[in-house]
2 protein chains.
Amino acid sequence: MKERKVSRAVIRRLPRYLRVLTDMEAEGLERISSGELSERIGYTASQIRQDLNHFGGFGQQGYGYNVKDLKDAIRGILGLTEDYRMIFVGCGRLGRALANFVIDSQKNYHIKAMFDIRPEIIGTSILGVPVYDEAGLKDYLKKNHVDIAVLTVPTEQAQKVADDLACGGVTGIWNFAPIDLKIPEEIVVNNVHLSDNLHALTYYINHGE
Amino acid sequence: MKERKVSRAVIRRLPRYLRVLTDMEAEGLERISSGELSERIGYTASQIRQDLNHFGGFGQQGYGYNVKDLKDAIRGILGLTEDYRMIFVGCGRLGRALANFVIDSQKNYHIKAMFDIRPEIIGTSILGVPVYDEAGLKDYLKKNHVDIAVLTVPTEQAQKVADDLACGGVTGIWNFAPIDLKIPEEIVVNNVHLSDNLHALTYYINHGE
């Protein structure tokens, strides 16, 4: 699926459109003007037009947007009409909390396995998902296609696990370890660097926004 | 502390400088050329110079950077030489995982209290931190100064809690609920929208980066 390249800033905004439109649909709104959408989402009407034009545009002059159609279109653009096979590497508190978040609220993502190095949890299951030995990760990946691996291991293990994931051909890594992974270009990595985020917040606490 | 406004992009990069420099110091590096720093951190030497010049610049022609001095300077800029009083609102899996992360790895942040609405955990303690009734949050804030409130309640409670936090005068909110809080401008909010992040990753899985 190759197409005109859309900037990262636009892609980062799409999930927010989806969230706001999903809320609007739940409130029973069928159609909104670009002004209303703008007010609700906090981007200017012109920004919204520009963003959506990357994907063909959806609004109609004098009508605005159909909430459900636009929501469905953005879901489709993001790929949320498909299903994804997911694994977790690292079953500590954060791994378990995130697995719970996925199971609770992200219906398209199916957690097939979790991996850890601690003998006491290997062979058990967490939230109904089997926990395997991290030593068997490469082997598992040879036999099972994985779309997204969630990386929640301690920092010092993260690069080694990422190498295994790359070698095993996962498509994307959702990385929560506070390091910048060295990974082949064809693998997509999205980082959630909690400490970076907290430290930036701290800067603004001291200096104002 | 008012000063020349530095762009959000620069501030977002500072914690990464800090991370890389901290690693370098741990490896025993005393001094690095701007080229080495550039290679390690993945920004161009010119980008690095520009970033650091916002704060007076730290490199010396022909010498490069002193690792420890630069690290300490960035810690100071971010405000990590100070201590911060923190509370958590929402003691579910994610709240507990994040509290554990803060206690484990963020020495300057002191969790003074956690709040929840569930009677069965009110009055207990989590990771050594007392859990109070969320109904008493406003009252607690009247009596105790809080720098950062971490918001890990379910979506439908988030705005109400944010109103209490704003009313109680917290300085910053670290928000993990998937909504865009309406909050007075003087309060700093940093969002970690997990679902947005996962959905952007999903886009790139389907379309390439």
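Q: Hi! What rotation superposes chain A on chain B?
A: In this predicted model, a rotation of 180 degrees does it, with 0.0 Å of shift along its axis and an RMSD of 0.0 Å. That is the relation of a two-fold axis.

Q: Which surface do the copies meet through?
A: They meet through the same surface, because 100% of the interface residues of chain A are also interface residues in chain B.

Q: Nice. Switching to chain A, how many helices and strands does it have?
A: Chain A has eight helices and nine strands. Its C-alpha trace spans about 65 × 45 × 35 Å along the principal axes.

Q: And what share of chain A is buried?
A: Of the 209 residues in chain A, 49% are buried. The chain exposes about 10000 Å², and 47% of that area comes from carbon and sulfur atoms.

Q: Which residues touch the most other members of the largest nonpolar core?
A: A:M86, A:W174, B:M86 and B:W174 do, in a core of 106 residues.

Q: What does B:M86 touch, leaving out residues up to four places away in sequence?
A: Its contacts include B:V102, B:Y109, B:I148, B:V150 and B:W174. From chain A, B:M86 touches A:L198.

Q: Okay, charges now. How many positive and negative side chains are in chain A?
A: There are 25 positive and 27 negative ones in chain A. The centres of the two sets lie 2 Å apart.

Q: Last one: of the chain A contacts between residues at least 6 apart in sequence, what share joins residues at least 24 apart?
A: For those contacts in chain A, the share is 55%.

Conventions. Residues numbered from 1 in each chain as written. Chains lettered and ligands numbered in written order. Predicted model: local features only at pLDDT ≥ 70, side-chain atom pairs only at ≥ 80, totals over all residues. Heavy atoms only, no water. Helix = DSSP H or I, 4+ residues; strand = E, 2+ residues; numbered from the N terminus. Buried < 20%, exposed > 50% of the residue type's maximum accessible area, 1.4 Å probe, protein only. Contact = heavy atoms within 4.5 Å. Areas by Shrake-Rupley, 256 points an atom, 1.4 Å probe, with all protein chains shown as cover. Lys, Arg positive; Asp, Glu negative; His and termini not counted. Charge placed at Lys NZ, Arg CZ, Asp CG, Glu CD. Least-squares fit on C-alpha atoms with pLDDT ≥ 70 in both. Core = buried A, V, L, I, M, F, W, Y, C linked by side-chain atoms within 4.5 Å.
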